[in-house]
Amino acid sequence: QGKLVESGGGLVQPGGSLRLSCVGSGISLENHGVGWFRQAPGKEGEAVTCITAGGGSMYYADSVKGRFTISRDNAKNSVYLHMDRLKPEDTAVYFCATATVGFGCLREDYWGQGTQVTVSS
């Protein structure tokens, strides 16, 4: 059974940076678009960003444009989320999932358990 495994979350001060990693286990990510999604307490889940299998197209939510960057390394079966200029409102559990990229990110069949990102002074 394939799954995705996230890492890299933690506590960071406002204005700081973090890089999240997503590795495929039992699934070859090079055949799939992959997205990052987040869920904060009391808020609706949000599709943050996603990238096509070949890496040629990406989507970013307006709330993270210009601050977050998604990338992938198919040789390492990995997708990354680099987050700059973090804000307290970015605090959430971030999880990666296979996804269809279009006018947004549609989560598909494989996802991970998530990694906590907390932005606080």
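How many salt bridges does a search of the whole structure find? The count is 4. Keep in mind that this is a predicted model. Let me take you through the charged pairs.

Start with Arg-38. Arg-38 lies in strand S4, residues 34–39. Is Arg-38 buried or exposed? Buried: its relative accessibility is 8%, and the cut-off for buried is under 20%.

Now the partners. Glu-46 makes a salt bridge with Arg-38. The closest N and O atoms there are 2.8 Å apart. Glu-46 has 26% relative accessibility, so we call Glu-46 partly exposed.

Next, Asp-90. Asp-90 also forms a salt bridge with Arg-38, with the closest N and O atoms 3.0 Å apart. Which parts of the chain does this pair link? Distant ones: Asp-90 is in the loop between strand S8 (78–83) and strand S9 (92–102), and Arg-38 is in strand S4. The two residues are 52 residues apart. Both Asp-90 and Arg-38 are buried.

On to another pair. Asp-62 and Lys-65 meet through their side chains in a salt bridge, at 3.2 Å from N to O. Asp-62 is at 63% relative accessibility, so Asp-62 counts as exposed.

Back to the shared partners. Which residues do they join into one network? Arg-38, Glu-46, Arg-67 and Asp-90.

Arg-38 and Asp-90 are buried. Glu-46 is partly exposed. Asp-62 is exposed. That's my tour.

How values were computed:
Residues are numbered from 1 along each chain as its sequence is written. This is a predicted model: local features need pLDDT of at least 70, side-chain atom pairs count only at pLDDT 80 or more; totals for chains, interfaces and linings use all residues. Side-chain values use heavy atoms; hydrogens and water are left out. Buried means under 20% relative accessible area, exposed over 50%, partly exposed in between (1.4 Å probe, protein chains only). Helices (H or I, at least four residues) and strands (E, at least two) are DSSP runs, numbered from the N terminus.
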